[in-house]
Each structure stands twice: as C-alpha cells, then as structure tokens.
Amino acid sequence: MNSPQSKRVGRPTKHHDEARDALIKAATDKFVKKPYDKVSIRELADYAGVNSALIKYYFENKEGLYKAMILEVTGRVMANIQAHLSGNEFTSISEVFRSFTQVMKQSPEFPLLMLKEVILNQGVCREFFLQQMGNSHVKVIDSVYRHFAKLGKIKPNVDPLLFRISLMSMMIYPWYLRELMHKMEGVEYDDVFLSALVEHNTLLMTSGLFQSSEEQ
C-alpha cells in the first residue's frame with residue numbers, strides 16, 4: 001500500500017507541474033557550475049524547493065533530469081534561432097548575429113553546457129548531446145549558409161563546412177569567455193558590449209567571406 005507521500009507524488013497537480021520546471025531550472029544552475037558527480041539529488045531538490053521524490057516521478061533519476069535539462073536548454077536556444085530565421089528574410093549577416101545574441105541573453109548557460117559535455121566530457125550523456133545537436137540543432141546553422149548563398153552574397157570559393165564552423169565559433173565562443181572576461185577585463189555582457197561584438201563579428205565575416213557588396 002502506498003504511503004500518503006508516494007500517493008501525492010504519483011498524482012501530478014498544477015503545483016507539481018511547477019515543481020518540474022523548478023527542477024529543470026535547478027539542474028541548469030547546478031550542472032553549469034559543478035561537475036555532474038558533485039551534484040546530489042538532495043541538492044537539486046532543495047535548490048528547487050521540492051520533494052526529492054519528484055525527481056524519480058518525472059525523470060526516473062538524476063541522469064534523466066540531466067538529459068531533460070540538456071534537451072530543454074538546447075531545444076529552447078535552437079528553436080528560438082529557427083524562429084528568428086524562419087520569420088525574417090535576413091539581408092545582412094549582422095542580423096543573424098544580432099538575433100543569436102538576443103537568444104543567448106536568455107540562455108547564457110547553453111555554451112557552458114556544450115563545453116562541459118562535448119569538449120571537456122564532464123557530463124554523463126556526451127553522445128546523447130551530440131546526437132541531439134547533430135540530428136536537428138546544427139541544421140539550423142546550415143540554413144544560414146544556404147540562405148546567403150542563395151542570395152549570392154557569399155564568395156564562390158568559400159567552403160560551406162568551414163563557413164558554418166566559423167559562424168558557430170563566432171556566435172558561441174565569446175559566451176565561453178563571459179566569466180573570464182568579467183574577471184580579467186571587467187567586461188559586462190550588456191547591450192552596449194554585445195552590440196559592439198555584433199558589429200565586430202559582422203566586419204570579420206563580411207570582409208573575409210562575403211561579396212564586397214554585402215552591407216556591413
């Protein structure tokens with residue numbers, strides 16, 4: 001016979017739906033700052049302000065919560081980028097950088113999660129992360145190249161793969177450095193700095209990879 005507590009956990013309510021969101025938020029905050037094996041279920045539940053039994057109910061275990069967090073964060077970022085690309089007929093690469101910057105301001109933890117999972121291999125689902133990125137999310141970046149190539153704005157000798165690598169590097173790498181730049185240079189990733197970064201990246205791309213007629 002189930003205890004009163006297990007019965008409550010087994011019947012989600014509006015409060016429990018909010019608890020799920022709180023757990024995702026807790027996972028995002030904790031796993032960005034600490035290695036996977038240094039974050040406990042109790043710590044996640046306490047941070048979210050919920051009963052730890054809800055982790056089992058919604059996600060089965062800590063790894064399930066971690067994967068759900070990865071999907072939520074990466075999915076939100078890429079869906080927002082895709083929405084920007086689908087809803088706009090960009091005429092300049094600066095508009096792409098600006099749109100991406102607006103998205104990243106809402107999810108600055110995304111690049112750090114990518115760094116920890118893919119490059120440092122500090123998580124537990126590197127292959128899962130790569131599969132999600134490779135099967136759907138990176139294709140969003142592909143569409144940027146196709147869009148500007150179709151408009152005839154990219155130089156004919158530019159390799160599509162190298163274009164995408166350069167674009168992703170310029171979009172994401174500055175966010176890896178956010179904390180370091182703040183500590184070393186006092187840089188705040190505010191609207192003034194991000195606007196200057198967009199202009200700088202636009203100049204680099206248009207000077208090297210775009211036809212001379214591309215507006216800067």
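This is a predicted model: local features need pLDDT of at least 70, side-chain atom pairs count only at pLDDT 80 or more; totals for chains, interfaces and linings use all residues.

Visitor: Fine. Which residues of α9 meet α11?
Guide: On the α9 side they are Phe163, Leu167, Met170, Pro174 and Trp175. Their partners in α11 are Leu194, Leu197, Asn201, Leu204 and Met205.

Visitor: And how do the residues of that contact divide into nonpolar, polar and charged?
Guide: The contact of α9 with α11 comprises 9 nonpolar residues, 1 polar and no charged.

Visitor: How are two packed helices described?
Guide: One gives the angle between their axes and the distance between the axes. For α9 and α11, the axes come within 12 Å and cross at roughly 160°.

Visitor: Are those two roughly parallel or roughly antiparallel?
Guide: Angles over 145 degrees count as roughly antiparallel, and α9 and α11 are therefore roughly antiparallel to each other.

Visitor: Left-handed or right-handed crossing?
Guide: The crossing of α9 and α11 is right-handed.

Visitor: Changing topic: how many cavities of 30 Å³ or more are there?
Guide: The search of the whole structure finds 2. The largest cavity holds about 70 Å³ of space.

Visitor: Which residues line it, then?
Guide: The largest cavity is lined by Phe97, Phe100, Thr101, Met170, Met171, Pro174, Trp175, Leu197, Val198 and Asn201. Of the lining residues, 8 are nonpolar, 2 are polar and none is charged. Met170, Pro174, Trp175, Leu197 and Asn201 in this lining also take part in the contact between α9 and α11.

Visitor: What about pockets? How much space lies in the largest one?
Guide: About 430 Å³ lies in the largest pocket. Its lining has 19 residues, and Val32, Lys33, Leu112, Arg178 and Glu179 lie nearest the centre.

Visitor: Which helix gives the most to that lining?
Guide: It is α2, with 5 residues. At least two residues each come from α2 (14–33), α7 (109–119), α9 and α10 (178–185).

Visitor: How many charged residues are in the pocket lining?
Guide: The lining of the largest pocket has 8 charged residues, together with 9 nonpolar and 2 polar. In the lining of the largest cavity, by contrast, no residue is charged.

Notes
Residues are numbered from 1 along each chain as its sequence is written. Side-chain values use heavy atoms; hydrogens and water are left out. On a 1 Å grid over the protein atoms alone, a cavity is a set of points where a 1.4 Å probe fits but cannot get out, and a pocket is an open set with protein on both sides within 12 Å along at least five of seven lines; lining residues have an atom within 4 Å of a point. Grid points are joined across faces, edges and corners, and a volume is the space filled by probe spheres set on the points. Ala, Val, Leu, Ile, Met, Phe, Trp, Tyr, Cys and Pro count as nonpolar, Asp, Glu, Lys and Arg as charged, and the others, Gly among them, as polar. Axes are lines fitted to C-alpha atoms, for helices over the stretch in contact, and angles run from 0 to 180 degrees between N-to-C directions. Helices (H or I, at least four residues) and strands (E, at least two) are DSSP runs, numbered from the N terminus. Angles under 35 degrees count as roughly parallel, over 145 as roughly antiparallel, 65 to 115 as roughly perpendicular and the rest as oblique. A crossing is left-handed if the near helix is turned anticlockwise from the far one by less than a right angle, and right-handed if clockwise. Contact means heavy atoms within 4.5 Å.
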